[in-house]
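Reader: I'm new to looking at protein models, and I'd like to go through this one with you. Could you take my questions one at a time?

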Amino acid sequence: MSTQKMHIDRYERNWMIVSAVLLVLFASAVSVAAFGMGIQVPAPEQRVNPNTVATDPNSPWSNPGLREVAPGKYDAYILAHAIPNWEYLPKEISVPVGSTVSFYVTSPDVQHGFKVQNTNANFMVIPGQVSKLTVTFDEPGTYNYICTEYCGSGHGVMYGAITVTP
Ligand code: CUA
């Protein structure tokens, strides 16, 4: 009975070592980002019932719009819907320059997106959950918010605007 030692080609062995080193590097990078720098994937801010979120008088989205919660600080409750037509409610909001706005966005029907142009705000809007992101507007001007998830035939005209006044 003969035994035979398994032969691994030198190139193959080197590539296996490189692959293993890369896995360790990637795992380290993800760990440093998550635990060292505190970067986490967005979690749903709140759960809501999509069947009643737009009509229940206790739901802020039955009366969407801006609420000033402190001087220069606002909560913006925004409803993104495709039924009966594709739009955000409200279509327009206005805040003075330097304001900090927390957007609370939800949908009663299908999945939408919410991107505020020229800011880092860009997230999915999912029926049944509330997406939140906070933006400080340091420059006056008009910032459009646009739908970034395909949501039907009116997707391309689904937008609104924030006016930041001097
Ligand atoms: Cu709403 Cu695309």
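Reader: How many bridges join β7 to β8, and do they run parallel or antiparallel?

Author: Four bridges join β7 to β8, and the two strands run antiparallel. Strands here are DSSP runs of E with at least two residues, numbered from the N terminus, and two strands pair if DSSP finds at least two bridges between them. Before we go on, this is a predicted model, in which local features need pLDDT of at least 70 and side-chain atom pairs count only at pLDDT 80 or more, while totals for chains, interfaces and linings use all residues. Residues are numbered from 1 along each chain as its sequence is written, and side-chain values use heavy atoms, with hydrogens and water left out.

Reader: Okay, and what is the bridge partner of Phe 114 in β8?

Author: Phe 114 has Phe 123 as its bridge partner in β8. In the hairpin of β7 and β8, five residues lie between the strands, and Asn 118 takes a positive phi near 65 degrees there.

Reader: Which strands form the open sheet, and in what order?

Author: The open sheet has five strands in the order β5-β11-β10-β7-β8, with mixed pairing. Its edge strands are β5 and β8, each of which pairs on one side only. Further in, β7 and β10 run antiparallel and are joined by two bridges, and Lys 115 has Ile 146 as its bridge partner in β10.

Reader: Switching topic, which residues touch the most other members of the largest nonpolar core?

Author: They are Phe 103, Phe 114, Val 116, Phe 137 and Ile 162, in a core of 24 residues. A nonpolar core is a set of buried Ala, Val, Leu, Ile, Met, Phe, Trp, Tyr and Cys residues joined through side-chain atoms within 4.5 Å, where buried means under 20% relative accessible area, exposed over 50% and partly exposed in between, with a 1.4 Å probe and protein chains only. The largest share of this core, four residues, comes from β3.

Reader: How many disulfides does the structure hold?

Author: The structure holds zero disulfides, a disulfide being a pair of cysteine sulfur atoms within 2.5 Å.

Reader: Is Cys 147 buried or exposed?

Author: Cys 147 counts as buried because its relative accessibility is 8%, and Cys 151 is buried as well, with a relative accessible area of 10%.
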